[in-house]
Amino acid sequence: MAGSPDTVSLVRAFVVDQVYPVEPVLAAGGGAAAQCLARLQQAARESGLWALPLPVELGGGGLDLARYAPVAEAEGASDYGPTALGSDLLLDATMLHRHGSAAVRDRFLRPMAAGRARPSFAMTEPGVAGSDPQGLRTIAVPDGDGWVVRGRKWFTSGAAQAMFTTVVCRTESDGGPDREAFSLLVVPTDAPGYRVLRELPVLGAHMGQCELALDGVRVPGEYLIGPRGGGLAVAGQRLALGRVLRCLRWIGQTARAYELLRERLRHRQVSGRPLADKQLMAQHAFDSYVDLTAARAMTRAAVDCLVAGADPAIAVGTAKVVTARAYATVVDRAIQVYGAEGLTNDTPLARLHRIARSARILDGPDEVHVQAVARRLLAPRERPPRTG
């Protein structure tokens with residue numbers, strides 16, 4: 001059943017019937033949100049929908065990326081869908097499964113995959129351009145058979161509820177190339193010196209983004225992820241997959257906004273006639289369909305590229321920019337069609353708008369991706385050898 005149209009339909013129904021109604025509770029945070037999320041996760045397990053893209057040996061459904069892509073769209077229609085269904089664990093599970101030591105897999109990976117622990121990943125730092133990872137200041141200094149970590153991180157998703165945080169930190173200071181100066185360390189959140197300083201409001205709302213202090217946190221040497229000095233390479237693998245997953249989920253939310261727009265145009269009456277009869281309003285439906293279809297096509301091309309093992313830089317960078325822009329534009333049109341009601345929390349559009357606006361910055365701002373893709377497109381190509 002996994003990856004089939006039936007699975008997509010079941011996931012879509014789960015999100016619509018069980019996640020949509022409790023989004024206000026989940027958005028409010030606190031104990032009630034935690035209890036609500038636990039109930040959703042238990043319902044996902046009982047429905048056979050838990051952690052569909054995780055490996056079978058970790059208790060998941062074993063879906064590869066090609067089969068998971070339409071499922072990711074369906075569950076991503078709610079920003080809480082991937083967490084409720086356990087598939088938001090995919091990035092951390094993949095990273096720890098591939099690159100973690102036996103100790104890391106036993107202490108962190110297995111309970112996480114079973115839904116008993118939450119992960120987080122800390123790369124971005126205050127005062128450092130997020131698009132320049134080689135400027136990161138957090139350091140880890142060797143100490144006996146372990147490391148001592150010092151620094152600050154922010155925009156660390158879900159750190160307040162996490163059992164551990166994988167931290168990108170500088171471990172090499174011998175003057176070698178910067179790209180080989182960083183490592184990844186798993187830091188337990190209950191370790192002395194680890195502190196969540198605050199949850200960062202994003203456009204005025206709490207969305208689980210945290211600022212951290214790492215004040216002399218001691219970490220065992222076996223908590224190193226991948227080779228010493230190879231942190232940026234491992235993080236790059238994570239980012240490529242992570243950007244595609246975000247795009248798939250953003251498409252699910254863009255499609256949700258598009259359906260809200262269509263519903264409003266068909267059913268809202270103005271002067272005894274539906275809004276859809278107004279030419280400028282009908283234009284919103286057409287333009288949104290075009291944007292959504294283009295974003296889906298670009299993202300599916302990026303999925304195909306990752307599945308084929310080809311260089312994903314152009315496909316993933318393009319998909320990220322196109323999808324983030326489509327998401328923001330379609331949500332904006334939907335708010336315009338709803339009028340004043342679209343500015344309130346009586347519809348999901350206000351929250352979708354906040355996520356959509358952040359999409360053009362998170363995982364690399366548009367400008368960085370545009371420049372990187374354009375540089376590759378304009379690079380001189382080798383001429384084929386002459387014959388004859």
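Helix axes here are lines fitted to C-alpha atoms over the stretch in contact, and angles between them run from 0 to 180 degrees between N-to-C directions. The model is predicted.

**Exercise 1.** Describe how helix α10 packs against helix α12.

*Solution.* Start by locating the helices: α10 covers residues 313-338 and α12 covers residues 366-378. Next, take the geometry. The angle is about 145°, and the axes lie 9 Å apart. The crossing of α10 past α12 is left-handed. Then list the contact residues. From α10 they include Ala-313, Ile-314, Gly-317 and Val-321. From α12 they include Asp-366, His-369, Val-370 and Leu-377. Finally, sort the contact residues by class: seven are nonpolar, three polar and four charged.

**Exercise 2.** Characterise the second largest pocket and find which helix gives the most to its lining.

*Solution.* Begin with volume: about 530 Å³. Now count the lining, which has 22 residues. Nearest the centre of the pocket lie Leu-65, Leu-90, Thr-94, Arg-98 and Leu-241. Turn to the helices. At least two lining residues come from each of α4 (65-75), α6 (90-99), α8 (231-267) and α9 (279-308). By class, the lining holds 15 nonpolar, four polar and three charged residues.

**Exercise 3.** Classify the aromatic pair of Phe-108 and Tyr-223, and work out which parts the pair ties together.

*Solution.* The model has three aromatic pairs. In the pair of Phe-108 and Tyr-223, the ring centres are 5.2 Å apart and the planes stand at 80°. Planes over 60 degrees apart count as edge-to-face. The pair is therefore edge-to-face. Now place the residues. Phe-108 sits in helix α7 (residues 102-113), and Tyr-223 in the loop between β7 (205-220) and β8 (224-225), so the pair links parts 115 residues apart in sequence.

Note on methods: Residues numbered from 1 in each chain as written. Predicted model: local features only at pLDDT ≥ 70, side-chain atom pairs only at ≥ 80, totals over all residues. Heavy atoms only, no water. Helix = DSSP H or I, 4+ residues; strand = E, 2+ residues; numbered from the N terminus. Left-handed = near helix turned anticlockwise from the far one by under 90°. Contact = heavy atoms within 4.5 Å. Nonpolar A, V, L, I, M, F, W, Y, C, P; charged D, E, K, R; others polar. 1 Å grid on protein atoms, 1.4 Å probe; cavity = no way out; pocket = protein on both sides within 12 Å on 5 of 7 lines; lining within 4 Å. Points joined across faces, edges and corners; volume = space filled by probe spheres on them. Phe/Tyr/Trp six-rings, centres within 6.5 Å; stacked < 30°, edge-to-face > 60°.
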